Amino acid sequence: HKYCVKFKIIIKRIFILKNKNLNFKNLRQIGFYGVILITMLNATQYLCVGFFSEGLASILRKNGGDLHKVGLLYFLGFFWAVKFIWAPFVGFLVIKMGGIYKKFIIMTQILTLLALLAVSYLEVEINLTQIVLIAIFISFLNSTQDTANGALIFKVSRGNLGLANAAKMNGVLIGHALGVGVAIIFFDYFGWIAALYFLFCFACLTMILTIFFKENKTQIVKNLDINNSKFCIKAHYHTLLNFFKDKKAWLGFIFLQAIGICMSFALITPILLDAGWNLSDIAMATHIFGIAGGAFASYLILLLSRKFGEKNVLIWLLFVEIFVVFSPLLPLYGLNNYGAVVIICILMFGLYTSQQVALTTMMMQKISNLPESQYAIQGSFGMIFQFIGFYAGMFIAEFLGFTQTMFIASGLCLMAFIYSFKFRKLY
């Protein structure tokens, strides 16, 4: 009991003394259960897309797959990039369900569980086409659920978007760690079916948490005639078009800040495979230790953001990235021991995670109404640019090599840093 008291005192000092908005009062406002649910919802959807994109890409690369072909698996998550197209329909369905987002989320979770059961009966070597098709369907379900998740976060955050988005980003990291880390370890030791059953059990746990979550029947959407479906959907698309028209400079910044870091980030696993690492060691170093560093960074960035502002912190991160994007090359130049690789992974994941926490908080600060649409269009464009960066890194490295690709990535980070000063005046 005394250790629990000491732990509470330490946490209280961190959240109250260093960040006056991130205190226990705000945690109670969101609710501990709400924070856990936000984390688990995002963990589950990125668990699946991570396993079927990056995890499956690692498996195929180990079996001799070409980089530019293996890199196409990253586009399994492309539905995240275009989810703003059907976001208005998600918003309309939620309105028809009484403004309760969890009803829609549970529906997508059930379909995801059925798809995971189906794919568990297939084999990678024999049924790769069928696996990819089912993975595309799962990606569509998860990206659609993400639209509802984003609106739910906005709804339950009650003004404390920093803590809610830290929980969201940690969910993404946990899902990534489990889908590309733990699930790959399961595959390496126990086979395909064991890995799929692991995904299924985690998704089941999240659905149970969702079912028992008590969501208030408040409605975010204001001044809409919910009995007029054409009016509701038209209002959502009108919001999308106006947001895009008024925020061109903001979308341009989202593009530039994503490309360079994602090009470098995508090459960590291929570089380690070419350096002679096995899948289990890569999964542990990158997607367990690396993501643990990323999770710590996501909360550290909250403290820095409260003191200096998300905008300034993001600019600093862009400057640091100009140099850190070269770090994944070190194993190819002799620095190939386990400890060094873990430090490289922590640096890369920490930078990427910190950048996404600051950016997502700024995205939600720009929401004025219809959160399904306004958050979806920003998140979708962010995902498009990330996918372009991931695949560009793979494609360019296939023809120019890893080193030249990292120089290009660093140059793009430099461009983003320079542009950020123009953006700083506009935001």
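**A walk through an all-helix chain model**

Good morning, everyone; the structure holds one salt bridge, a term that here stands for a side-chain nitrogen of Lys or Arg within 4 Å of a carboxyl oxygen of Asp or Glu. Before I go on, please keep in mind that this is a predicted model, in which local features need pLDDT of at least 70 and side-chain atom pairs count only at pLDDT 80 or more, while totals for chains, interfaces and linings use all residues. Residues are numbered from 1 along each chain as its sequence is written, and side-chain values use heavy atoms, with hydrogens and water left out.

Which residues form the salt bridge? They are aspartate 146 and lysine 168, whose closest N and O atoms are 3.8 Å apart. This pair links distant parts of the chain, since aspartate 146 sits in helix H8 and lysine 168 in helix H9 (residues 161–190), 22 residues apart. Both aspartate 146 and lysine 168 are buried, where buried means under 20% relative accessible area, exposed means over 50%, and partly exposed lies in between, with a 1.4 Å probe and protein chains only.

Let me now step back to the whole chain. It has 18 helices and zero strands; helices (H or I, at least four residues) and strands (E, at least two) are DSSP runs, numbered from the N terminus. Of the 427 residues of the chain, 60% count as buried, and the accessible surface comes to about 18200 Å², with 69% of that belonging to carbon and sulfur atoms; such areas come from the Shrake-Rupley method with a 1.4 Å probe, and for residues only the protein chains shown count as cover. If we take the contacts in the chain with a separation of 6 or more, residues 24 or more positions apart account for 85% of them, a contact being heavy atoms within 4.5 Å.

Two pairs of residues illustrate such separations along the chain.

Turning to aromatic rings, a search of the whole structure finds 22 aromatic pairs. Rings of Phe, Tyr and Trp (its six-membered ring) pair if their centres lie within 6.5 Å, and planes under 30 degrees apart count as stacked, over 60 as edge-to-face and the rest as tilted. Phenylalanine 289 and tyrosine 338 form an edge-to-face pair, 6.4 Å centre to centre with 90° between the planes. This pair joins distant parts of the chain, helix H14 (residues 279–308) for phenylalanine 289 and helix H16 (residues 338–365) for tyrosine 338, 49 residues apart. Phenylalanine 289 is partly exposed at 37%, and tyrosine 338 is partly exposed as well, at 34%.

Phenylalanine 395 and phenylalanine 399 form a tilted pair, because their ring centres are 5.1 Å apart and their planes stand at 55°. These two are four residues apart in helix H17 (residues 371–400), so about one helical turn separates them. Phenylalanine 395 counts as partly exposed at 37%, whereas phenylalanine 399, at 56%, counts as exposed. Ring pairs also link Phe51, Phe52, Phe187 and Trp192 into a cluster.

I will finish with the cysteines. A search of the whole structure finds zero disulfides, a disulfide being a pair of cysteine sulfur atoms within 2.5 Å. Cysteine 262 is in none, and the nearest cysteine sulfur, that of cysteine 413, is 9.3 Å away. Cysteine 262 is buried at 1% relative accessibility, and cysteine 345 is likewise buried at 1%.
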